[in-house]
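Me: I'd like to learn how to read helix packing and nonpolar cores in a model. Can you walk me through it?

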Amino acid sequence: MMPPVNLCALNAPKEDMQESLFLCLTPGEVEVDRHFSVKTLFDAEKYREATLNLSAENLKKVVSLQDRFKEYLIPNETFESGDRNKVAIVFERINRAGTPLEIFELLTAWSWSDDFDLVEKFKSLQIRIAEHGYEDLCNDQDLQLRICAGVIHGKTTPSDIIGLKGEDIRQRFEEIERGIIGAIDFLKRELDVQQYKLLPFPGIMVPLSAFFATDKVEGHLYSDKQKQVITKWFWRALFTRRFSSDVNERQAADIIEFRRLKENESHDFRLPRAENQVSFMGNFSAGNANSKTLILLLNSQSPHSFVSGAKIDTSKILKKSSQHEYHHIFPRKHLERTDTAPSEINVLANICFLTRGDNNSIRDKSPNEYIKKFFNVNMERYITEALCPASFQDLEYAPFLKQRMEILSKKAHELMGDDLH
């Protein structure tokens, strides 16, 4: 219900008017000789009735108020152009004005037909993505649009996304869908990346989806040669932080290579250089890219908890993706007692997988203490799986960090297929 307007405030300063309008909302304080109900302005019969007993002065104010509503124009501009770049410019300017429009809404309008609704198609795609265990990808519509542009144009710049044609989207949507699902299945099956949120750089999905995009109902089947190349590319993309910058250019270059590999399994794929740019002395946080890379590196070894020997159920741990699932090899409280700088405690090189029970058993014990207490005949193998130095329990913390970083780096180069390490 519209509140009554204070007639005395119509010509008052703005700050006084705000106070008067507030006061007139108080129950029991509406006075017919001082207030006028705004809703009657739009009802001819009630308006006539409400103005019958008004003084000439107040009637003049009410008529002036009604004129303001009658003369107010709501802009309604029609813009017609076959030039999508011009449409994109208008779209951008509207966004700058604060209207929350999205590229997806433009594409929905451009691709709509009687038998194709992009919104409904994307809803169906989200269901399939969720069924394959990558629920969080459903919330990343920008990445999905990049994949569409990557499959159709081979490029992922904003202009390429804006330039998507409705006919192309309609004709190739099933191909795009198979590309996304094929990429997810490869990541889960071959690389054990069970959750989308564990991908250090989600942009990896774009070239991979372009490789798996196909019009074949059964999807694109890959050979062992192709699998080996894709695996090397994946690890190099992670450790070189390939998609942390210049993403559009690098995605376009990789899409070209993947298409050639798709046509010829013996294609001499131009892989990123095998360089490790991940600092294992950086702070560990389950949400940052370097930490996710470490998690996937450790997970590649199918580790056991070296205290109890329990098999680490990485599918559950990685699904939770909680910092509480990763533990310090040199416990935090133990290091605090030795006056170790806080910045050196929670570093990547001091993190491993342990079961929650094992971590609770260790508590604040030094490695030397808990290794002796929980020794088992397979501990040496479990320590190796955890990419830790042999007899690390006999090392001081600084030498341990140095040796473990060397082991982690060596394993990273092995996964990248660098024969020089």
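This is a predicted model: local features need pLDDT of at least 70, side-chain atom pairs count only at pLDDT 80 or more; totals for chains, interfaces and linings use all residues.

Me: Which residues of H11 and H12 make the contact?

Reply: On the H11 side, Gln226, Val229, Ile230 and Trp233; on the H12 side, Asp254, Phe258, Leu261 and Lys262. By type, that contact has five nonpolar residues, one polar and two charged.

Me: At what angle do H9 and H10 cross?

Reply: Roughly 110°, with the axes of H9 and H10 (residues 205-212) coming within 7 Å. The range for roughly perpendicular is 65 to 115 degrees, so H9 is roughly perpendicular to H10. This crossing is right-handed. Residues of H9 including Gly179, Gly182 and Ala183 meet Met205, Leu208, Ser209 and Phe212 of H10. The H9 and H10 contact divides into eight nonpolar, three polar and one charged.

Me: Now the cores. How many residues are in the largest nonpolar core?

Reply: It has 94, and Met205, Phe234, Phe306 and Phe392 have the most contacts inside it. H9 (residues 166-191) gives the most to this core, with 10 residues.

Me: What is Phe392 in contact with, leaving aside its neighbours within four places in sequence?

Reply: Its partners include Phe306, Phe330, Pro367, Tyr370 and Phe400. There's also a second, separate core of seven residues, with Phe36, Val38, Leu41 and Tyr47 among them.

Technical notes
Residues are numbered from 1 along each chain as its sequence is written. Side-chain values use heavy atoms; hydrogens and water are left out. Contact means heavy atoms within 4.5 Å. Helices (H or I, at least four residues) and strands (E, at least two) are DSSP runs, numbered from the N terminus. Ala, Val, Leu, Ile, Met, Phe, Trp, Tyr, Cys and Pro count as nonpolar, Asp, Glu, Lys and Arg as charged, and the others, Gly among them, as polar. A nonpolar core is a set of buried Ala, Val, Leu, Ile, Met, Phe, Trp, Tyr and Cys residues joined through side-chain atoms within 4.5 Å. Buried means under 20% relative accessible area, exposed over 50%, partly exposed in between (1.4 Å probe, protein chains only). Axes are lines fitted to C-alpha atoms, for helices over the stretch in contact, and angles run from 0 to 180 degrees between N-to-C directions. Angles under 35 degrees count as roughly parallel, over 145 as roughly antiparallel, 65 to 115 as roughly perpendicular and the rest as oblique. A crossing is left-handed if the near helix is turned anticlockwise from the far one by less than a right angle, and right-handed if clockwise.
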